[in-house]
Amino acid sequence: MRDDPSVIALVERVCDGDQDAWDEIVERYSPLVWAICARFQLSRTDTDDVAQGVWVMLVENIRNLRQPAALPGWLATTTRNECLRILRTARRYDPDGLPAEDLMPPDTSERAIEEDLIEAELNVALRAAFAELPEACHKLLSMLIQDPPPSYAEVSSSLGMRVGSIGPTRARCLAHLRRSPHLAVFLPERAGAIEVKETGR
Amino acid sequence: MSAVSSGLTDDELLEALQRAVSARAAVPPDFVAAARDAFAWHNIDAELARLTYDSRNAEHALATRTEAASIRALTFTSGRLTIELEVAQDSLVGQIVPAQPAMVSVLPRAGDEIVITADEIGCFSVEPIPHGQFRLRCQTSAGVETMTGWITL
């Protein structure tokens with residue numbers, strides 16, 4: 001999961017000063033930064049401050065990343081550290097101290113952040129795969145993932161599909177999504193030997 | 001979250017897709033825009049001074065102690081400089097530590113840059129208090145250049 005070749009290419013382009021590549025990194029991973037700040041229950045102002053610290057540090061250090069592919073992990077760790085820094089701003093003379101117990105949100109352990117990271121990487125892959133689906137599939141699945149989900153009758157009238165064809169089309173579109181190369185690293189070996197990565201500990 | 005294995009049912013896959021799409025939709029557009037803007041730092045020589053103290057957060061932490069509540073105070077720290085700020089009646093007073101003369105620029109997100117001078121002991125005063133978001137850039141005579149993150153008072 002950590003050797004996504006497209007991340008490596010993006011990092012290389014950013015090192016050459018390519019704003020578009022930077023924007024793509026932001027597009028992919030700002031949900032990760034956002035989610036970690038949410039886990040720390042930061043206010044919006046503090047969230048913005050954390051994000052600014054994270055992104056500026058990335059600009060300053062991107063050339064020094066030992067392994068460009070480890071960028072998402074670097075972002076997760078840096079965001080966590082910046083969140084801890086913000087919590088420490090309440091204590092002027094003890095910058096190295098940890099936040100007081102009562103300021104520490106419930107689950108901000110490294111393991112919890114690691115789970116956010118794994119989910120974020122899967123989400124990046126899913127969104128990329130989703131974006132490349134044929135238009136008809138994209139439309140149908142977009143409707144089906146609405147909250148609350150629409151009834152098949154609503155889908156039918158909205159997309160001009162027979163109710164009877166929605167189920168089979170949904171299955172075909174999801175099969176298409178599964179085959180996406182973006183999801184290949186998340187898929188087990190084709191020939192049996194299913195190895196699901198344990199992330200729960 | 002385990003892998004999107006072929007063992008994942010269609011319903012589970014659709015659920016995962018829904019989570020992925022809503023995780024992105026939850027991020028406000030201005031949050032993403034600010035992150036894009038951060039790339040401008042690649043051709044700025046200044047070092048970022050990050051917020052290391054905010055009295056507002058401290059008040060929150062020490063809600064029972066009232067004496068801290070009167071003055072808003074902020075501290076920004078970079079590798080080589082500390083900028084301490086206090087909001088006075090109708091000005092923003094600051095000091096650069098270690099004490100030294102410097103040029104201090106107020107850079108509002110909207111509006112023109114204002115340049116002021118910090119005296120030999122690093123003290124400066126911004127009048128009137130800046131409205132809206134701004135940042136401070138500080139250039140010392142020794143050539144150290146530091147810029148704070150965005151500040152809203």
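## Chat about a predicted two-chain model

User: Hi! How do β8(B) and β9(B) pair, parallel or antiparallel?

Analyst: Strand β8 (residues 134-140) of chain B and β9(B) pair in the antiparallel sense, over three bridges. Bear in mind that this is a predicted model.

User: Noted. Which residue stands opposite Met147(B) there?

Analyst: Arg137(B) stands opposite Met147(B) of β9(B). In the hairpin of these two strands, four residues sit between them, and Gly143(B) takes a positive phi near 95°.

User: What is the pairing of β9(B) with β1(B) like?

Analyst: That one is parallel: strand β1 (residues 47-54) of chain B and strand β9 (residues 145-148) of chain B share three bridges. Leu48(B) has Met147(B) as its bridge partner in β9(B).

User: Stepping back, how many helices and strands does chain B have?

Analyst: Chain B has three helices and nine strands. From the N terminus, the order is α-α-β-α-β-β-β-β-β-β-β-β. Of its 153 residues, 27% are buried.

User: Switching to chain A: where does α2(A) bend?

Analyst: The bend is at Tyr29(A), by about 45°, and Pro31(A) follows within four residues.

User: What does the end-to-end span of that helix come to?

Analyst: The end C-alpha atoms of helix α2 (residues 19-39) of chain A are 29 Å apart; 21 residues at 1.5 Å a residue should span 30 Å, so the two agree.

User: What comes just after α2(A)?

Analyst: Gln41(A), with a positive phi of about 55° although it is not a glycine. Gln41(A) lies in the loop between α2 and α3 (44-61) of chain A.

User: Why does Gln41(A) count as partly exposed?

Analyst: Because Gln41(A) has 15 C-beta neighbours inside 10 Å; a residue needs 20 or more to be buried, and 12 or fewer to be exposed.

User: Last one: which residues touch the most other members of the largest nonpolar core?

Analyst: Leu32(A), Val33(A), Ile36(A), Cys37(A), Cys83(A), Leu126(A) and Ile83(B), out of 71 residues in that core. Domain 1 (1-39) and domain 2 (44-148) of chain B both give residues to this core, so it lies between them.

User: And what does Cys83(A) contact?

Analyst: Setting aside neighbours within four places in sequence, Cys83(A) is in contact with Ile36(A), Cys37(A), Phe40(A), Leu42(A) and Val50(A).

Methods: Residues are numbered from 1 along each chain as its sequence is written. Chains are lettered from A and ligands numbered from 1 in the order in which they are written. This is a predicted model: local features need pLDDT of at least 70, side-chain atom pairs count only at pLDDT 80 or more; totals for chains, interfaces and linings use all residues. The expected span of a helix is 1.5 Å times one less than its number of residues. The bend at a residue is the angle between axes fitted to the seven residues ending there and the seven starting there. A nonpolar core is a set of buried Ala, Val, Leu, Ile, Met, Phe, Trp, Tyr and Cys residues joined through C-beta atoms within 7 Å. Domain bounds come from an automatic or database domain assignment. Two residues are in contact if their C-beta atoms, placed from the backbone, lie within 7 Å. Two strands pair if DSSP finds at least two bridges between them.
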